[in-house]
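Here are a few notes to read with the model open beside you. Take them one at a time and find each residue as you go.

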Amino acid sequence: MTVAAGTGSFSERAPADLLVDLAQKGATGSLHYDGERRGVVHLHLGAFYCGASERGPALEEVLAERGDVGRGQWEDAVRRSAGEARVGEELVRFGTTSRAALEVVLYGQLLRALLELLPLREGRW
């Protein structure tokens, strides 16, 4: 089920209320937020699975810093994914990193995005 959240203001609706509503409705998609902080959280069937914060490092940077993925390996996975949002799957499929290591990084990014989103009282989605 895909639920269209549309757009709105955090001064009119708290981020926590919006996130609970999307989760309860089994939403699939992306919630982009913009205010004093900017980012996105992704949902699939109401479950949050990935996020990114403008203030946080990119997935590629985190994986490189951990020593999991080199720049050339990342670029190869991007090419193989052919524009689809499955670069991580390509990294795992080719043995570049493990699913467990990738999940740790993805959950860390999701946590950062949610922690930046939740206190917003001004801005839009």
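1. Let's start with what lines the largest pocket of this predicted model. Sorted by class, that lining has 14 nonpolar, 5 polar and 4 charged residues. The pocket itself holds about 600 Å³ of space. If you want to find its middle, look for Tyr49, Cys50, Ala85, Gly88 and Leu106, which are the closest to its centre among the 23 lining residues.

2. Which elements build that lining? Those giving two or more residues to it are E2, E3, helix H4 (87-93) and H5. H5 supplies the largest share, with 6 residues.

3. Leaving out residues up to four places away in sequence, Leu117 touches Phe10, Pro15, Leu19, Leu31 and Tyr33.

4. Now for Ser53, which sits in strand E3 (residues 47-53). Is Ser53 buried or exposed? Its relative accessibility is 11%, and the cut-off for buried is under 20%, so Ser53 counts as buried.

5. What does the side chain of Ser53 reach? It gets to the backbone nitrogen of Arg55 at 3.1 Å, and a polar contact of 2.5 Å links it to the side chain of Glu116. Skipping residues up to four places away in sequence, Ser53 touches Tyr33, Arg38, Gly39, Arg112, Ala113 and Glu116.

6. Last stop: Gly35, in the loop between E1 and E2. With a relative accessibility of 32%, Gly35 counts as partly exposed, because that class runs between the 20% and 50% cut-offs. Setting aside neighbours within four places in sequence, Gly35 is in contact with Glu122 and Gly123. For a sense of distance, pick Gly35 and Leu111: they are 76 residues apart along the chain, and their C-alpha atoms are separated by 18 Å.

Technical notes: Residues are numbered from 1 along each chain as its sequence is written. This is a predicted model: local features need pLDDT of at least 70, side-chain atom pairs count only at pLDDT 80 or more; totals for chains, interfaces and linings use all residues. Side-chain values use heavy atoms; hydrogens and water are left out. Helices (H or I, at least four residues) and strands (E, at least two) are DSSP runs, numbered from the N terminus. Buried means under 20% relative accessible area, exposed over 50%, partly exposed in between (1.4 Å probe, protein chains only). A polar contact is a pair of N or O atoms within 3.5 Å; within protein, one must be able to donate a hydrogen and the other to accept it, and residues adjacent in sequence count only if both atoms are side-chain atoms. Contact means heavy atoms within 4.5 Å. On a 1 Å grid over the protein atoms alone, a cavity is a set of points where a 1.4 Å probe fits but cannot get out, and a pocket is an open set with protein on both sides within 12 Å along at least five of seven lines; lining residues have an atom within 4 Å of a point. Grid points are joined across faces, edges and corners, and a volume is the space filled by probe spheres set on the points. Ala, Val, Leu, Ile, Met, Phe, Trp, Tyr, Cys and Pro count as nonpolar, Asp, Glu, Lys and Arg as charged, and the others, Gly among them, as polar.
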